[in-house]
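Please read the points alongside the sequence and the model.

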Amino acid sequence: MKQDADRIAEVILSMNVDVGRAAFTVTKALDYVGIDDKSHGLRVGLICHRIAHLLGWEKSKRHFILIAGMLHDCGVSSTTVHQKLVDEMEWEGAEEHCIRGDHFLRSFPPFSAFAPAIRYHHTRWQDLPESLDTETREYANLIFFADRLDVAYSSFIFNKPPHEALLNRQQILGELTPYVGLLFSPEIYKATESTILKDSFWLELRDEYLDDAIMETLSSEDYEISLSFDEIESLGELISQIVDAKSPYTHYHSLRVADLAYTLSGLAGLDQYQRRILRLSGLLHDVGKLRTPDEILEKPGTLSEYEMAQMRSHPLDSKRVLKSLFPNTQIAKWASEHHEKLDGSGYPFGWKGDQIDFPTRILSIADIFQALCQKRPYRHRLQINEVIEIMDVMAAEGKIDTAIYGLLKANKSELYRVAIRQ
């Protein structure tokens with residue numbers, strides 16, 4: 001019976017995915033790391049594509065570099081690291097996020113082809129390994145160049161109307177001129193000198209035009225593939241790794257919440273389809289935290305009202321990403337409601353009682369349990385009896401589902417091992 005249920009779930013959950021559109025949505029989530037600058041990855045992808053056109057690259061290569069450019073910062077989860085990359089032309093710690101991005105992309109087969117270019121996208125043109133093939137060298141350096149050009153553009157328009165870029169295009173490109181032949185390929189620079197003469201190059205970088213320009217470009221190439229549910233889960237795990245890498249105190253949090261939700265939902269009698277969808281929701285429930293500043297996540301004390309107000313937006317940030325990435329599923333709903341409480345004291349919606357469905361109640365308990373079991377900046381990891389003591393109070397106050405919590409208590413030793421597994 002279980003094998004039959006697994007096969008049914010596999011058939012139901014397989015889906016056709018456009019790789020470009022999936023990359024677009026993942027990039028939207030990654031751009032949360034910039035907090036105020038929400039479109040860096042998208043702009044870099046578009047800049048890469050427009051320069052590639054002037055380089056005379058064929059359509060498939062232009063499509064490839066658009067996606068690679070969008071995904072280039074998938075190894076950046078920290079707002080501190082993001083700021084360093086924005087502030088400095090070269091930063092000695094930059095290679096770390098390149099290595100991490102390469103690792104993340106290889107974990108999801110449809111994105112693995114982009115990994116080599118991402119690995120070297122902060123390596124100087126003159127220092128790229130001779131062992132790299134010509135295409136990878138070109139891809140990596142074009143991403144590096146586009147990344148730095150976007151930083152120069154963003155710095156210029158800071159506190160200025162964006163149309164002033166049209167009047168100062170040579171000045172913006174001039175920020176990169178001293179590094180040609182050292183950091184950047186002379187051929188890429190020469191093509192860019194022509195590219196920037198088009199008003200559209202600069203106008204499309206503005207938020208009101210950016211999404212349309214990218215989606216129009218992506219639609220010109222059919223890049224749709226069919227994914228099994230195992231592959232869909234690998235995408236969820238890729239994103240969860242990016243989220244959990246944001247802080248040393250959240251390593252494995254999303255993965256363990258997902259595993260706990262899957263185990264608890266089995267104990268509660270949910271079918272295989274619901275369990276696997278709920279596990280995906282667990283993997284992705286905190287994607288909105290990419291937007292939360294590092295200092296809030298790692299604060300060793302109680303959050304101020306101002307800091308808590310910033311933190312409380314992450315469920316809706318998660319919902320926005322997940323509705324686009326997994327339409328026609330409950331993933332976005334469950335993820336965005338995992339901080340709701342049965343007595344109405346949760347957030348962001350303040351749901352209470354029957355307004356909170358059964359899978360959401362499971363995910364909420366899994367999240368609370370794992371967070372208590374995990375070391376945090378303000379305390380050490382709690383032992384199982386300490387965790388149960390805290391959650392007993394929450395159950396008594398009517399905040400969490402007592403039936404689901406009863407299943408957790410009855411299997412507390414097994415679930416504790418799941419929660420703390422490295």
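In this predicted model, helix H8 has 24 residues, which at 1.5 Å a residue should span 34 Å; the C-alpha atoms at its ends lie 35 Å apart, so the two values agree. H8 covers residues 134-157 and is mostly covered, with 19 of its 24 residues buried.

**Ends of helix H8**
- Asp 133 caps the N-terminal end of H8, where one of its side-chain oxygens lies 3.2 Å from the backbone nitrogen of Glu 135.
- After H8 comes Asn 159, which has a positive phi, near 65°.

**Helix H6**
- Helix H6 runs over residues 94-106, and its 13 residues should span 18 Å at 1.5 Å a residue; the end C-alpha atoms are 19 Å apart, which agrees.
- Buried positions in H6 are Ala 94, His 97, Cys 98, Gly 101, Asp 102, Phe 104 and Leu 105.
- In general, an α-helix has 3.6 residues a turn, so residues three or four places apart point the same way.

**Aromatic pairs**
- The structure holds 11 aromatic pairs.
- One of them joins Phe 111 and Phe 114, whose ring centres are 6.4 Å apart; with their planes at 65°, the pair is edge-to-face, since an angle over 60 degrees counts as such.
- Both partners are buried: Phe 111 has 1% relative accessibility, and Phe 114 has a relative accessible area of 0%.
- Another edge-to-face pair is formed by Phe 145 and Phe 184, at 5.2 Å centre to centre and with 90° between the planes.
- Phe 145 belongs to H8, whereas Phe 184 is in the loop between helix H9 (169-174) and helix H10 (186-195), so this pair ties together parts that are 39 residues apart in sequence.
- Phe 145 is buried at 0% relative accessibility, and Phe 184 is buried with a relative accessible area of 0%.
- Ring pairs also link Trp 57, Phe 64, Phe 108, Phe 111, Phe 114 and Tyr 139 into a cluster.

**Lysines over rings**
- Trp 57, a member of that cluster, has the charged end of Lys 61 over its ring, 4.3 Å from the ring centre.
- Lys 160 lies over the face of Phe 156, at 4.5 Å from the centre of the ring.

**Leu 183**
- Leu 183 is placed in the loop between H9 and H10, the loop that also holds Phe 184.
- Leu 183 is buried, with a relative accessible area of 0%.
- The C-alpha atoms of Leu 183 and Trp 125 are separated by 4.9 Å, although these residues are 58 residues apart along the chain.

**Cysteines**
- The structure holds zero disulfides.
- Cys 74 is buried, with a relative accessible area of 1%.
- Cys 373 is also buried, with a relative accessible area of 1%.
- Cys 98 is among the buried residues of H6.

Definitions and conventions: Residues numbered from 1 in each chain as written. Predicted model: local features only at pLDDT ≥ 70, side-chain atom pairs only at ≥ 80, totals over all residues. Heavy atoms only, no water. Phe/Tyr/Trp six-rings, centres within 6.5 Å; stacked < 30°, edge-to-face > 60°. Buried < 20%, exposed > 50% of the residue type's maximum accessible area, 1.4 Å probe, protein only. Helix = DSSP H or I, 4+ residues; strand = E, 2+ residues; numbered from the N terminus. Lys NZ or Arg CZ within 6 Å of the ring centre and 35° of its normal. Expected span 1.5 Å × (residues − 1). Polar contact = N/O pair within 3.5 Å; in protein donor to acceptor, adjacent residues only side chain to side chain. Disulfide = S-S within 2.5 Å.
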